[in-house]
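Here is a short tour to go with the structure on your screen. Keep the viewer open and follow along topic by topic.

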Amino acid sequence: MDEPRSPGPLAGVRAVELAGIGPGPFAAMLLADLGADVVRVDRPGGAPLGIDPAHDVTNRNKRSVVVDLKSEAGPGLVVELARRADILIEGYRPGVAERLGVGPDECLAANPRLVYGRMTGWGQQGPLAHSAGHDIGYIATVGTLGMIGPAEGPPSVPANLLGDYAGGSLYLVVGVLAALHHARSTGAGQVVDAAIVDGTAHLGAMIWGMLGAGAWQDRRGVNLLDGGCPYYGVYQTSDGGHMAVGALERPFYTEFAALLELGEDAPDRDDPSRWGELRERVAECFRSRTRQEWTEVFEGRDACVAPVLSLREAARHPHLAARGTFTADAEGRTQPAPAPRFSATPGGLRRPPAVPGAHTGEVARDWNLPALNGG
């Protein structure tokens with residue numbers, strides 16, 4: 001079958017993804033969503049911790065070939081793919097790609113314009129560089145996990161979104177696209193070292209500024225944006241649901257207080273010493289009605305209050321439905337639509353999740369690499 005015309009601003013860009021888990025696949029998915037021709041190099045037997053490949057949304061819009069990097073011919077096939085590519089992404093521990101014969105030296109020797117993106121938790125250098133790890137440990141080490149959660153009790157775990165994807169994948173994508181711009185301007189490729197610890201620390205730039213200015217306490221649950229502020233937090237409703245409140249600016253707070261029927265004798269919002277009293281007053285009000293009732297009270301009003309929805313509820317929200325924030329592929333799988341949006345070169349769902357090895361013949365033909373087929 002012919003490759004469908006690739007929509008999106010990255011149409012014409014070729015990328016190789018050496019299969020892994022977590023932030024690498026998500027970064028490659030984002031490139032693919034934006035129109036890049038992404039070839040995922042899967043290993044025989046599949047990746048650990050993987051779900052059924054047919055349901056792995058992070059492999060959408062990609063094509064897959066299977067290469068055994070421990071075989072005699074395997075490393076050479078990957079280098080040949082790199083020769084034909086603009087970008088390569090790998091997420092091994094430092095030194096592994098080199099030992100397999102597909103490190104930056106081999107790939108850049110074959111293609112000096114190549115952008116070689118490296119995704120790790122700890123980075124390529126440092127005392128922990130060769131240590132095992134996962135999202136939760138990385139965000140713990142950079143101080144981010146310690147910021148999240150109530151003042152009393154342990155920190156709250158934000159799934160793996162904050163480290164793996166925000167601090168990892170998105171910084172890798174920014175890095176490889178910046179390096180691609182440089183390569184196209186100068187003809188010189190380079191290595192991009194994207195570490196989750198670096199990216200997650202960088203996400204905290206504003207908080208570090210507030211900390212230095214004395215406007216942030218170095219403990220959780222007592223600050224303006226970490227749930228310590230009574231008008232920026234989450235409250236339970238009478239039916240066990242929750243409402244999220246973000247009424248920071250005074251006009252929004254005024255509307256919030258009026259709709260909540262907080263009362264004119266409510267504690268002063270500008271006096272942090274009375275935040276505990278104000279929080280209990282707000283909590284008492286929210287406990288008086290169901291989530292749906294409060295949703296109807298605040299809907300369409302500038303009070304910055306929203307119901308806390310589950311994943312399936314979010315997919316049905318009228319605003320998100322109107323924007324197409326969530327979409328379904330040809331097999332009916334609901335998933336987030338490609339983002340961001342482009343007026344002239346929109347991305348889209350071109351292919352379902354790539355099943356390992358399903359596109360070997362296509363890639364061998366389209367990338368002019370018959371050896372993938374054993375030819």
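Across from Ile 89 of strand β4 stands Glu 17, and that is a handy place to begin. Please bear in mind that this is a predicted model.

- Strand β4 covers residues 87-90, and both of its faces are covered.
- On one side of β4 sit Ile 87 and Ile 89, on the other Leu 88 and Glu 90, and all of these residues are buried.
- Strand β1, residues 14-18, pairs with β4 in the parallel sense, and 3 bridges hold the record of that pairing.
- Strand β5, residues 115-120, also runs parallel to β4, and 4 bridges join the two.
- To find the β5 pairing in the viewer, look for Ile 87, whose bridge partner in β5 is Val 115.

**The second largest pocket**

- The second largest pocket holds about 950 Å³ of space.
- Its lining is made up of 42 residues, and those nearest the centre of the pocket are Gly 20, Ile 21, Gly 91, Tyr 92 and Arg 93.
- Which elements give two or more residues to this lining? They are the strands β1, β2 (37-42), β4 and β5, together with the helices α1 (23-33), α3 (96-100) and α5 (135-141).
- Helix α1 gives the most to the lining of the second largest pocket, with 3 residues.
- Sorted by class, the lining has 22 nonpolar, 11 polar and 9 charged residues.

**Salt bridges**

- How many salt bridges does a search of the whole structure find? The search gives 23.
- One of them joins the side chains of Asp 270 and Arg 250, with an N to O distance of 2.4 Å. Asp 270 lies in the loop between α9 (250-260) and α10 (275-286), while Arg 250 belongs to helix α9, so this pair ties together parts that are 20 residues apart in sequence.
- Both partners are partly exposed: Asp 270 has a relative accessible area of 43%, and Arg 250 has one of 45%.
- Arg 287 and Glu 280 form another salt bridge, in which the closest N and O atoms are 2.7 Å apart. Arg 287 counts as partly exposed at 42% relative accessibility, and Glu 280 is partly exposed at 42% as well.
- Arg 365 forms a salt bridge with Asp 366, and here the closest N and O atoms lie 2.7 Å apart. Arg 365 is partly exposed at 43% relative accessibility, and Asp 366 is partly exposed with a relative accessible area of 24%.
- Arg 365 and Asp 366 also belong to a network of salt bridges, in which they are linked with Asp 37, Arg 63, Arg 351 and Glu 362.

**Arg 333 in its loop**

- Arg 333 is found in the loop between β10 (326-328) and β11 (334-336).
- Is Arg 333 buried or exposed? Arg 333 has a relative accessible area of 15%, so this residue is buried, the cut-off being under 20%.
- The side chain of Arg 333 reaches the backbone oxygen of Ala 54, at a distance of 2.8 Å.

Note on methods. Residues are numbered from 1 along each chain as its sequence is written. This is a predicted model: local features need pLDDT of at least 70, side-chain atom pairs count only at pLDDT 80 or more; totals for chains, interfaces and linings use all residues. Side-chain values use heavy atoms; hydrogens and water are left out. Buried means under 20% relative accessible area, exposed over 50%, partly exposed in between (1.4 Å probe, protein chains only). Two strands pair if DSSP finds at least two bridges between them. A salt bridge is a side-chain nitrogen of Lys or Arg within 4 Å of a carboxyl oxygen of Asp or Glu. On a 1 Å grid over the protein atoms alone, a cavity is a set of points where a 1.4 Å probe fits but cannot get out, and a pocket is an open set with protein on both sides within 12 Å along at least five of seven lines; lining residues have an atom within 4 Å of a point. Grid points are joined across faces, edges and corners, and a volume is the space filled by probe spheres set on the points. Ala, Val, Leu, Ile, Met, Phe, Trp, Tyr, Cys and Pro count as nonpolar, Asp, Glu, Lys and Arg as charged, and the others, Gly among them, as polar. A polar contact is a pair of N or O atoms within 3.5 Å; within protein, one must be able to donate a hydrogen and the other to accept it, and residues adjacent in sequence count only if both atoms are side-chain atoms.
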